[in-house]
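Subject: Handover of a two-chain model

Dear colleague,

Please find the structure below, followed by an account of what was found in it.

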Amino acid sequence: MQADLDEHGVSLVALSKDTVEEAATHKTRDNLRLTLLSDPDLDVIRQYGVEHHKALGFKTGSFTLFGIPLALTPSFKTMAIPTTLLVDEDGVIQWIDQTDDYRLRSSEDRVLQAVKAAFT
Amino acid sequence: MNTVAFAASATGFLAVMVAWGTYLATIPSGKVPARPVGWIILQLAGMATAVSAAVWSFRIGGSPGVAVIVPAVFAVMMGSTFFYFLSQRKTPIGKLRVKVGDTLPPFEVKTSDGPEFHTDSLAGKRTLLKFFRGGW
């Protein structure tokens with residue numbers, strides 16, 4: 001998808017509540033080329049109204065055998081609701097996508113369709 | 001110790017862990033299935049096998065022993081957590097404060113590489129801004 005975005009001159013920026021260190025690890029681990037933004041105090045997330053107060057995560061520290069978690073304890077954390085905004089060169093929002101199932105990524109096809117619709 | 005019961009219980013636990021492991025492996029590449037049917041079946045089969053082994057072992061000769069009970073307990077715990085997570089997958093759409101046609105509200109944050117980022121730097125550029133959950 002990066003190549004298609006480049007074709008339309010769209011740069012990719014992603015923001016989450018991860019700290020700078022966590023974001024840096026994520027970028028290296030997944031070999032990401034985009035700009036990762038760190039919003040650990042959730043200021044921007046709240047500013048945009050994409051806060052999910054009791055989002056389900058899990059704590060793995062509880063029971064481990066040789067580092068493998070044997071029990072995952074659910075815990076609630078505040079995180080961003082996965083949301084995608086397509087912004088044009090004048091800073092005007094052209095398209096918004098929000099998932100209702102946080103496990104699923106924004107479909108690439110849908111994103112590219114929106115990019116084409118906005119910028120051709 | 002009832003070897004058969006232990007083997008069955010351990011296998012059930014293993015099935016649950018394999019289901020978890022392979023399911024979690026779909027996350028980094030973003031290929032989490034909308035309806036994880038295979039995983040659901042494997043989790044249920046694993047839990048059922050482990051619990052059946054413990055129950056059977058108890059029925060045929062008193063206490064099934066730690067070797068049978070422990071994997072069964074963990075299988076049930078881990079399996080239940082899987083289903084609980086699945087049940088919580090719907091995000092509340094919430095109160096998004098921007099809409100199409102709005103100008104992007106400005107903000108300033110740090111990037112993962114260190115330097116500050118301000119939305120002013122996006123002027124004159126087309127951008128896809130993604131809010132994501134981050135580590136959890």
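A residue is called buried here if 20 or more other C-beta atoms lie within 10 Å of its own, exposed if 12 or fewer do, and partly exposed in between, with C-beta atoms placed from the backbone. By that rule H26(A) counts as partly exposed, because 19 other C-beta atoms lie within 10 Å.

This is a predicted model, in which local features need pLDDT of at least 70 and side-chain atom pairs count only at pLDDT 80 or more, while totals for chains, interfaces and linings use all residues. Residues are numbered from 1 along each chain as its sequence is written, and chains are lettered from A and ligands numbered from 1 in the order in which they are written.

To stay with H26(A) for a moment, this residue is found in helix α2 (residues 20-29) of chain A. Helices (H or I, at least four residues) and strands (E, at least two) are DSSP runs, numbered from the N terminus. Two residues are in contact if their C-beta atoms, placed from the backbone, lie within 7 Å. Not counting residues up to four places away in sequence, H26(A) touches D18(A) and L36(A).

Chain B

Chain B has three helices and three strands, in the order α-α-α-β-β-β from the N terminus. Of its 136 residues, 29% count as buried. Among contacts in chain B between residues at least 6 apart in sequence, 67% join residues at least 24 apart.

Helix α3(B) covers residues 66-87. Buried residues in α3(B) are V68(B), P71(B), A72(B), F74(B), A75(B), M78(B), G79(B) and F82(B). They lie on the same side of α3(B), because they cover an arc of only 170° around the axis; the arc is that of the directions from the helix axis to the C-beta atoms. V66(B) and S87(B), on the other side of α3(B), are exposed.

Strand pairing

Two strands pair if DSSP finds at least two bridges between them. Within chain B, β1(B) and β2(B) (residues 116-118) run antiparallel and are joined by three bridges, with V109(B) bridged to F117(B). Four residues lie between the strands of this hairpin, and among them G114(B) takes a positive phi near 125°.

Pairing also crosses from one chain to the other. Strand β2(A) (residues 35-38) and β1(B) (residues 108-111) are antiparallel over two bridges: S38(A) is the partner of K110(B), and L37(A) is the partner of T111(B). Strand β1(A) pairs with β3(B) in the parallel sense over six bridges, including that of V13(A) with L129(B). Within chain A, β1(A) is parallel to β2(A) over four bridges, where L15(A) has L37(A) as its partner. Five of the seven residues of β1(A) are buried.

Cores and interface

A nonpolar core is a set of buried Ala, Val, Leu, Ile, Met, Phe, Trp, Tyr and Cys residues joined through C-beta atoms within 7 Å. The largest has 24 residues, and those with the most contacts inside it are L15(A), A80(A) and F131(B). Elements giving two or more residues to this core include β1, β2 and β4 of chain A and β3 of chain B; β1(A) gives the most, with four residues. Leaving aside neighbours within four places in sequence, F131(B) is in contact with L15(A), I45(A), Y48(A), V50(A), A80(A), I81(A), P82(A) and T83(A). A second, separate core of 20 residues includes F6(B), A8(B), A15(B) and M47(B).

The contact between the chains takes 66 residues from chain A and 49 residues from chain B. On the side of chain B that touches chain A, α3, β1 and β3 each supply at least two residues. That side divides into 25 nonpolar, 13 polar and eleven charged residues, where Ala, Val, Leu, Ile, Met, Phe, Trp, Tyr, Cys and Pro count as nonpolar, Asp, Glu, Lys and Arg as charged, and the others, Gly among them, as polar.

With kind regards

Methods: Expected span 1.5 Å × (residues − 1).
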